[in-house]
Amino acid sequence: VPLVVYDAATGLLALPEPTEAVDFAGFDLAQLDTDEQLEVVVARTNGEVAVFDPVLRSFEPPIAMIDGIVLRHRIADVTRDGVVDVIAAVFAQGLVVWNGGAGAVTWSSPWLGDYPALDNTLWIANLDDDPLVEIAVGFQAGIAVFEAPLVLLLRAGFETGDTSEWSSTQP
């Protein structure tokens, strides 16, 4: 995929020519360090998620390694530990959260079809009135919403086999 970079102040091309084909499946902008400049964080087709420097046309060491083909990703601290995480929609799987503090995938959603995050539908936002963010993702059957931190979903759900906190009321 060719990447074209424009100077925000002038609106002119920042590079004399577009980059050669860059091995990435998608990108997000994120503040990962203390300077004022946002980093371009790309998901590569081999599952690496890394910062890409469009001026030097090079990748920094990966900040995450996702097993599978990443269709979309977002950068946010959904585990609330002060370290950014990678939320990725993975082909033929669903969502995974790479916990930046733990350095590993610490949560996976149920299967969401072959193409989760269709039409770039992966959002991290506070969709209700509580202090926690939600992860919303579109897929073939509709939209799935998960509330972070995601450890609460695993405490009383099918993944753990523990249904002790479920209501016995039938709808």
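Reader: How many bridges join strand β7 to strand β8?
Author: The model is a predicted one. In it, strand β7 (residues 85-90) and strand β8 (residues 94-99) are joined by 5 bridges and run antiparallel. Within this pairing, Ala-88 stands opposite Val-96 of β8.

Reader: Which order do the strands of that open sheet have?
Author: The open sheet has 4 strands in the order β6-β7-β8-β9, with antiparallel pairing. At its edges stand β6 (70-76) and β9 (104-108); each has a single partner strand, so one side of each is left without a neighbour in the sheet. From one strand to the next, the twist averages 25°.

Reader: And how do the side chains sit on a strand in general?
Author: In a regular strand, side chains alternate between the two faces of the sheet.

Reader: Let me step back. How many helices and strands does the protein have?
Author: The secondary structure comes to 1 helix and 12 strands. Read from the N terminus, the elements run β-β-β-β-β-β-β-β-β-β-β-β-α.

Reader: What share of the residues counts as buried?
Author: Of the 171 residues, 37% count as buried. The protein exposes about 9,900 Å², and carbon and sulfur atoms supply 58% of that area. As for contacts between residues at least 6 apart in sequence, 28% join residues at least 24 apart.

Reader: Strand β11, then: is it largely enclosed or open?
Author: Strand β11 (residues 134-139) is largely enclosed by the rest of the structure, because 5 of its 6 residues are buried. β11 pairs with β10 in the antiparallel sense over 4 bridges. With strand β12 (residues 142-147), β11 is joined by 6 bridges, and these two strands also run antiparallel.

Reader: How many residues lie between β11 and β12?
Author: There are 2 residues between them, and the two strands form a hairpin. Phe-139 stands opposite Gly-142 of β12.

Reader: Which residue in β11 is the bridge partner of Trp-123?
Author: The bridge partner is Ala-136. Trp-123 itself belongs to strand β10 (residues 122-125). Trp-123 counts as partly exposed because its relative accessibility is 42%.

Reader: Where is Thr-121, and is it buried or exposed?
Author: Thr-121 is in the loop between β9 and β10. Thr-121 counts as buried because its relative accessibility is 15%, where buried means under 20%.

Reader: Which residues is Thr-121 in contact with, leaving aside its neighbours within four places in sequence?
Author: Thr-121 is then in contact with Ala-136, Val-137 and Gly-138. As for Ile-143, 22 residues apart from Thr-121 along the chain, the C-alpha atoms of the two are separated by 8.8 Å.

Reader: A change of topic: how many salt bridges does the count come to?
Author: The count comes to 1 salt bridge. Arg-44 forms a salt bridge with Glu-48, and their closest N and O atoms are 3.4 Å apart. In general, side chains of opposite charge can pair when their charged atoms come close. Arg-44 is buried, with a relative accessible area of 17%.

Reader: What about Arg-80: is it buried or exposed?
Author: Arg-80 is exposed, with a relative accessible area of 52%. Arg-80 lies in the loop between β6 and β7. Although Arg-80 is not a glycine, it has a positive phi of about 55°.

Technical notes. Residues are numbered from 1 along each chain as its sequence is written. This is a predicted model: local features need pLDDT of at least 70, side-chain atom pairs count only at pLDDT 80 or more; totals for chains, interfaces and linings use all residues. Side-chain values use heavy atoms; hydrogens and water are left out. Buried means under 20% relative accessible area, exposed over 50%, partly exposed in between (1.4 Å probe, protein chains only). Two strands pair if DSSP finds at least two bridges between them. Axes are lines fitted to C-alpha atoms, for helices over the stretch in contact, and angles run from 0 to 180 degrees between N-to-C directions. Contact means heavy atoms within 4.5 Å. Accessible areas come from the Shrake-Rupley method with a 1.4 Å probe; for residues, only the protein chains shown count as cover. A salt bridge is a side-chain nitrogen of Lys or Arg within 4 Å of a carboxyl oxygen of Asp or Glu.
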